[in-house]
Amino acid sequence: MQKESSGDWYTARLRVRYQESDQMGVVYHANYLNWFEIGRTEMIRQMGYTYRKMEEQGLLLPVTGLDVKYHKPARYDDEIIIFTRIAAFSGLRLSYEYDIRRMAEAPDVPLDAGERVWSHNESLPGERLVTGSTQHVWVNTDWKPVRLDKTAPELYSVLAKVWLSGKE
């Protein structure tokens with residue numbers, strides 16, 4: 001059974017690079033998908049795990065679905081924070097939710113905004129640019145679905161703990 005809810009937000013901070021924008025200084029729409037990946041990779045790292053370790057255990061986590069909504073454009077040299085959290089979790093599947101926000105010129109942004117975990121009931125700072133979600137399935141190196149709780153119980157426990165953080 002897949003549990004659905006949302007946990008705490010993890011953060012990844014970056015500055016929009018010139019190569020990510022067009023001649024008008026607006027970020028090309030597909031770059032947000034790369035930023036989603038940065039968000040989930042950094043979230044896993046902040047939880048004390050890495051994608052490299054998952055792959056060494058023979059686990060892959062391909063994207064099976066994607067949703068994205070563009071609210072406002074990011075622009076060259078903007079400082080942004082990618083907020084990432086677990087949206088749904090089970091032994092077979094994992095879904096993430098993303099909220100990308102501009103930090104520059106936002107009076108409500110605390111100095112530690114990009115260096116801490118945000119509680120699921122806190123308001124996120126900054127100006128909302130893009131929201132979205134990705135859906136994933138756990139597979140082995142032969143691309144056969146696997147149960148994470150059986151294949152990598154340590155990782156399953158780490159994810160379960162983070163998942164439950166939003167239910168306190």
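**Burial, strand pairing and salt bridges in a predicted model**

R102 is buried, as its relative accessible area is 11%; buried means under 20% relative accessible area, exposed means over 50%, and partly exposed lies in between (1.4 Å probe, protein chains only). The structure is a predicted model, in which local features need pLDDT of at least 70 and side-chain atom pairs count only at pLDDT 80 or more, whereas totals for chains, interfaces and linings use all residues. Residues are numbered from 1 along each chain as its sequence is written, and side-chain values use heavy atoms, with hydrogens and water left out.

The side chain of R102 meets that of E127 in a salt bridge, with 2.8 Å from N to O. A salt bridge is a side-chain nitrogen of Lys or Arg within 4 Å of a carboxyl oxygen of Asp or Glu. This pair links distant parts of the chain, since R102 belongs to strand 5 and E127 to strand 6, 25 residues apart. Helices (H or I, at least four residues) and strands (E, at least two) are DSSP runs, numbered from the N terminus. E127 is partly exposed, at a relative accessible area of 28%.

A second salt bridge joins the side chains of D99 and R128, at 2.6 Å from N to O. Here too distant parts of the chain are linked, with D99 in strand 5 and R128 in strand 6, 29 residues apart. D99 counts as buried at 3% relative accessibility, while R128 counts as partly exposed at 36%.

Strand 5 (residues 93-102) and strand 6 run antiparallel and are joined by 10 bridges; two strands pair if DSSP finds at least two bridges between them. Within this pairing, R101 stands opposite R128 of strand 6. Strand 3 (residues 63-70) also runs antiparallel to strand 6, with seven bridges between them, and V68 stands opposite G132 in strand 6. Eight of the 11 residues of strand 6 (residues 127-137) are buried, so the strand is largely enclosed by the rest of the structure.

Strand 3 also contributes four residues, the largest share, to a nonpolar patch. The patch is formed on the surface by L33, V63, L66, V68 and Y70, which together have about 380 Å² of accessible area. Patches are made of residues with over 30% relative accessible area and no salt bridge; like charges are joined within 9 Å, and nonpolar side chains (Val, Leu, Ile, Met, Phe, Trp, Tyr) within 5 Å. Accessible areas come from the Shrake-Rupley method with a 1.4 Å probe, and for residues only the protein chains shown count as cover. L33 lies in helix 1 and is partly exposed at 34% relative accessibility.

The 16 residues of helix 1 (residues 31-46) should span 22 Å at 1.5 Å a residue, and the end C-alpha atoms are 22 Å apart, which agrees. The expected span is 1.5 Å times one less than the number of residues. Buried residues in helix 1 include N31 and W35. Both are touched by E20, which also touches R15, V26, V27 and Y28, not counting residues up to four places away in sequence; contact means heavy atoms within 4.5 Å. E20 is found in the loop between strand 2 (10-15) and helix 1 and is buried, with a relative accessible area of 4%. Just after helix 1, G48 takes a positive phi of about 95°.

The count of salt bridges comes to 13. One of them joins the side chains of K53 and E154, at 3.5 Å from N to O. K53 lies in helix 2 (residues 51-56) and E154 in helix 4 (residues 153-165), so the pair ties together parts that are 101 residues apart in sequence. A network of salt bridges links R13, R15, D77 and E79.
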